[in-house]
Amino acid sequence: MSGSALTGMSALVVDDEEFMLDFLCMAVEKSGVGNVISATSGAEALDQVEDRQQVFDIIVCDLQMPGMDGIEVIRQLANDGFSGGIILVSGVDKRVLKTAESLAEARGLKVIGSLCKPMPVHEIISLMNQYAAAEQHASWAVSYTHLTLPTNVQQCRSRWWAAR
């Protein structure tokens, strides 16, 4: 799917390592996201989010950064009511990533997934596509909630005859 669904989305990629930041931005762009912005620190990322000039659908965030780390970014995003999806990345042990995921989910954030560095491009693309598909499905569900269905057979017959 979801290249077309991702085209209308925007993503913020946060990593303090220049090479990894470039790699992650390239992978997110390759997934089809229409607008990709980068930040080299947690503080810069939060400035971008709080700027409100740009609304981010997805944030890809490293956990280990000097100054404000990814855990603090998660806390602040939760406090600010961030409603987009989050992908956590790190070179730390997978258990640490899972703990960070649990923390983010406990704070009410939508965690798309977590990836250990280094990761292949297709894993990032897969997570992006899963998120886009879920978001599209959720928007379809919301768009049909306004429909009313007849409550009995007589109403169905009446509507059917009226439509002929």
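Me: A residue is buried under 20% relative accessible area, exposed over 50%, and partly exposed in between (1.4 Å probe, protein chains only). Which of these words applies to Lys117 and Asp62?

Reply: Lys117 is buried, and Asp62 is buried as well. Each therefore has under 20% relative accessible area. This is a predicted model, in which local features need pLDDT of at least 70 and side-chain atom pairs count only at pLDDT 80 or more, while totals for chains, interfaces and linings use all residues. Residues are numbered from 1 along each chain as its sequence is written, and side-chain values use heavy atoms, with hydrogens and water left out.

Me: What makes the pair of Lys117 and Asp62 a salt bridge?

Reply: A salt bridge needs a side-chain nitrogen of Lys or Arg within 4 Å of a carboxyl oxygen of Asp or Glu. The closest N and O atoms of Lys117 and Asp62 are 3.3 Å apart, and the pair therefore meets the rule. Lys117 lies in the loop between E5 and H6 and Asp62 in strand E3 (residues 58-62), so the pair ties together parts that are 55 residues apart in sequence.

Me: Why does Asp15 with Lys117 count as a salt bridge?

Reply: Their closest N and O atoms are 2.7 Å apart, and the pair therefore falls within the limit. Asp15 is in the loop between strand E1 (10-14) and helix H2 (18-31), and Lys117 is in the loop between strand E5 (110-116) and helix H6 (121-143), so this bridge ties together parts 102 residues apart in sequence. Asp15 and Lys117 are both buried. Salt bridges link Asp15, Asp62 and Lys117 in a network.

Me: Why is Asp80 called partly exposed?

Reply: Asp80 has a relative accessible area of 31%, so it is neither buried nor exposed but partly exposed. Asp80 is placed in helix H4 (residues 70-80).

Me: How many helices and strands does the protein chain have?

Reply: The chain has seven helices and five strands, where helices (H or I, at least four residues) and strands (E, at least two) are DSSP runs numbered from the N terminus. Along the sequence they follow the pattern α-β-α-β-α-β-α-β-α-β-α-α. Of the 164 residues in the protein chain, 40% are buried.
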